[in-house]
Each structure stands twice: as C-alpha cells, then as structure tokens.
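Subject: Structure for your review

Dear colleague,

Please find below the structure I am handing over to you. My findings follow directly after it.

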Amino acid sequence: MATTPVTLGSSSIDVASIVSNLVANKRAATDKALAAQATDNTTQVSAIGNFTSSLTSLQAAIKALTDGSAFTTQKTSVGDSTIIGASADATAQPNDYNIVVSQLATVQKTTSAGFTDATSAAGTGSLSISIGGKSMNLNVTSGANSLQNIRDAINKSSDNPGVTASIVTGTDGAHLVLTSTATGAANAFTVSTSGGDGNLSKLDFDPTTDTATTKAQDAQFTIDGTPATSTTNSVTGAIDGVTLSLSKVGSSSLTIANDPSAVSGALQSLVTSYNAFVSTYQSLTKYDSTTNEVGALIGDATVTSLKSQVTSLIGSQLASNAPGPTSLSNLGVSFQVDGTLAFDPTKLTAALASDPKATQNLLSGANGIAPKLDAMITSWTSSSGILTERTANLNQKAKDIAQQQSDYDVTMQDYTTRLTTQYTALDTMMTKLSSTSSFLQQQFDALSTSKN
C-alpha cells in the first residue's frame, strides 16, 4: 500500500508582532509620563536661565553706577584745537587752564654735503653715529662705499642708536639725510668719521656747533604761567589725569569738566535693563485667558519674590517730597502703569547742576541704589545663590529622569525577552500539535481508503 507523505503543520502565531504590541501597550503610559517630565524640566531650566540672564544683564547695565565711574568720566574742551588737543581720565579734576605753546618738540635732521651721485664711491674710513650713551660704528670699505651702501648699513645695523638714513638728490648731487627717530633735545645725534681716504668727512655733524636742517629740541609751554617742557608733543603728567597734544605754537584755553552725559547714559541703561527684566518676568509668568497660554514660571514663588524685591528697592527710592536730588523721581525716573520705568534726562541734568554730590550719593554711594541692587543680584546669582541652586537642582532632576528612562528601558527589555520566550514556546507547541493533527488526519484518510 502506497503511503501519502506527511506534511507537518506550522503555527500561525506572529511572535514578533504580538510581543511588540504588548510591550508598546505596557510602556505607553510610563513613556508618556517620563517624556512629559523631561519636557517640563527642560522648559523650567530654560525659563530660570532666561530670568537669571535678565538679572545679570541688569547688573551689567548699572556697572558704571555701581563702581561710580559714571561720575568720574571727564570731558575736555579746548579754545583752539589747532594748537592743542586734550583727553582726560578718571583722575582728572574739573578745572580751567590757559596753555601757551612757545616751542614744539622736534627731531634732529641733518643733510650732508653733496656727493657725485648715490651709487658712486663716497669714501672710505670709519663712520660713527652717537645719541647720548649709545653709538654705532661702521667700517666703510672700498667696493661697498656708495651713499646707498652707507644708507643701507645704517638702517640695518643692530647697534643703530635711533636714526634713519635716506638719500635726497638735487642739482648739487646726492645727499645723505639722517633723521632721529624720537623727538627731544636728548635725541640729538653726532656723526663723526676717521681714517680712510678722508672723503667721508662730508658726513660729519656736531649738534653743538653745526647747523641742522631741523634741530632736536624739547617742547616748551606754560600752564597758567608755569613753565614746562616735554621731550615729545604728547604730554602726560603736566596736569593730573590729562594728556595734552601740542600741534603748533600759540595759546589756547583748556576746560576739564564732569561729563553729565556719562551719568545720563548710565541711568538710562538702568531704566532700559530694568524694563527688559520686567518684560522677561511678565512673559515667564503670564496667563492668557483667550489662548490659555501659560508662562513657564507662572505661580513660581521664587521668581515672584525676587522680582518683587527688585521692584521694591527701586520703588523705595522713587518717592520723596524733599527738595534736591533725594530720590530717583528727582532725577527723572518714574514708574509707568505697566510696571516699567520712564526717564526724563532733563531732571537729571538739573540735579547734577544743583547738587552733583547728592546725586552721586543717591546713585553710587555706599547706600546708593546701584550698589544695593548689585549686591542683591550677586547674592542670587553667585555660586551659592538661590538661582544657581535652583538651576543645579533642575539639572540634577534632568539626570534623574534620564536615569529613570534608562532603567525603564532595561525593565522593558527584560519584559520583552520573557514574552518572546513564552510566545516562542507556545508557537513551538502549537506547531507540534498541528503536525500531530495532520499526521492523524492522514492515517484516518488512509484507513478509510483501504476499507473501500
């Protein structure tokens, strides 16, 4: 009797698909919750960063008031800018001066007697150039003794005491022109030659007896009648904190005064940066009932408290009915309806004119608003400050959430492995059952056939 081949059955279970769906369903809620926590935490980190940044920007904006440099900025004005120029630093004191320039500082320039041309032999021998205690010595030899050779040797010498050499050619021949590199009588130079054929003697020059093209001399001037000199035309030290630039002989007035624009600019910076801080706070804590848009830090007690302290400090300096610059309102600063500040610089100008010391004390003194605000912000943003700690805590929370996600991934991987093992076993068992069923069916069919 012929036998029919046995075809083993197979299970119809899609293990991979079943496991994937079961795992996805099981972890969906937890994944969503952890993702929401991570997103919320990231938003908080960014929001606290923006709030902190607005405070540090405010702190930077008031630096000129905090350290008082806004009140030590001086401006200078001169009666005749063709005669003198002037600049002042923070140590200069307001005052008026009369400057009379009788002589400018100059360099020494000498022009030698004429030689045939720049390339012909000029002579041989030893050439020495001296300025004060410094000197250079050149040995001019035949074959390398043209004016061009001598010029180049002077300019390239490592012992050059401070002169430059050039050649000017005129109708009477070529001339070696030597010029000192620095002004002042102390930079006068001497040229001497010796030995050789004697032709280099045309280069000899003694500033005490010979006439220079330009004589080395110091600047001479008076300040309110007091005589003074300078080796250069840029004069420092004659007036404390002032640098004078002498341009030509003549007289000019010089006025040094406090620069009110520096104070006005510093106070405007305070107002502008405070308004930016308020805008940032309002954006981070807003609630829009129309769009249901909620700020990242709405209801946050920390930022609300800090903003309140800043506003209270400024507000405490605004109200005063006393005459003179005793409050910010006397200096032109006022609160607007929306909580921002406005500034009228004309009131500040008047206060600086009437009582500059009181104005400075109010803004920059030991108990002035700027030092107080600076100290307040520093206490919040320093390494141990509340905002720094808040940021550190949020960053740690981000790490914790990431670790939870990582741990949960491990848990879900274990769960996936268990399900895969279980459903694979089930698939194997069902495959065997299917094969047995097919075999029995074949035997039954064969038995039925033989009876027929």
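Which residues in helix 1 meet which residues in helix 4? In this predicted model, the helix 1 side of the contact consists of Ala47, Asn50, Phe51, Ser54, Leu55, Ser57, Leu58 and Ala61. On the helix 4 side, they meet Ala266, Ser269, Leu270, Ser273, Tyr274, Phe277, Thr280, Tyr281 and Leu284. Sorted by class, the contact of helix 1 with helix 4 comprises 11 nonpolar and 6 polar residues, with no charged residues.

As for the geometry of this pair, helix 1 spans residues 15–61 and helix 4 spans residues 260–284. They pack at an angle of about 170 degrees, and their axes lie 8 Å apart. Because angles over 145 degrees count as roughly antiparallel, helix 1 and helix 4 are described as roughly antiparallel to each other.

An open sheet is formed by 5 strands in the order 1-14-3-10-11, with antiparallel pairing. Strand 1 (74–78) and strand 11 (226–230) are at its edges; each has a single partner strand, so one side of each has no neighbour in the sheet. From one strand to the next, the twist averages 25 degrees. Within this sheet, strand 3 (residues 95–103) pairs with strand 10 (residues 219–223) in the antiparallel sense over 4 bridges. Valine 101 has phenylalanine 221 in strand 10 as its bridge partner.

Helix 6 has two contrasting sides. Leu348, Ala351 and Leu352 are buried; they cover an arc of only 100 degrees around the axis, which places them on the same side of helix 6. Among the elements that cover these buried residues are helix 4, strand 18 (341–343) and helix 7 (356–364). Thr346, Ala353 and Ser354 are exposed on the other side of helix 6.

Alanine 353 deserves a separate remark. Helix 6, in which alanine 353 lies, covers residues 345–354. With a relative accessible area of 65%, alanine 353 is exposed. Between alanine 353 and glycine 196 there are 157 residues in sequence and 76 Å in space, taken from C-alpha to C-alpha.

Finally, asparagine 145 belongs to the loop between strand 6 (134–140) and helix 3 (147–156). Asparagine 145 is buried, its relative accessible area being 7%. Beyond its neighbours within four places in sequence, asparagine 145 is in contact with Ser120, Ala121, Ala122, Gly123, Thr124, Val140 and Ile150.

With kind regards

How values were computed. Residues numbered from 1 in each chain as written. Predicted model: local features only at pLDDT ≥ 70, side-chain atom pairs only at ≥ 80, totals over all residues. Heavy atoms only, no water. Axes fitted to C-alpha atoms, helices over the stretch in contact; angles between N-to-C directions. Parallel < 35°, antiparallel > 145°, perpendicular 65-115°, else oblique. Contact = heavy atoms within 4.5 Å. Nonpolar A, V, L, I, M, F, W, Y, C, P; charged D, E, K, R; others polar. Pairing = 2+ DSSP bridges. Buried < 20%, exposed > 50% of the residue type's maximum accessible area, 1.4 Å probe, protein only. Arc of directions from axis to C-beta.
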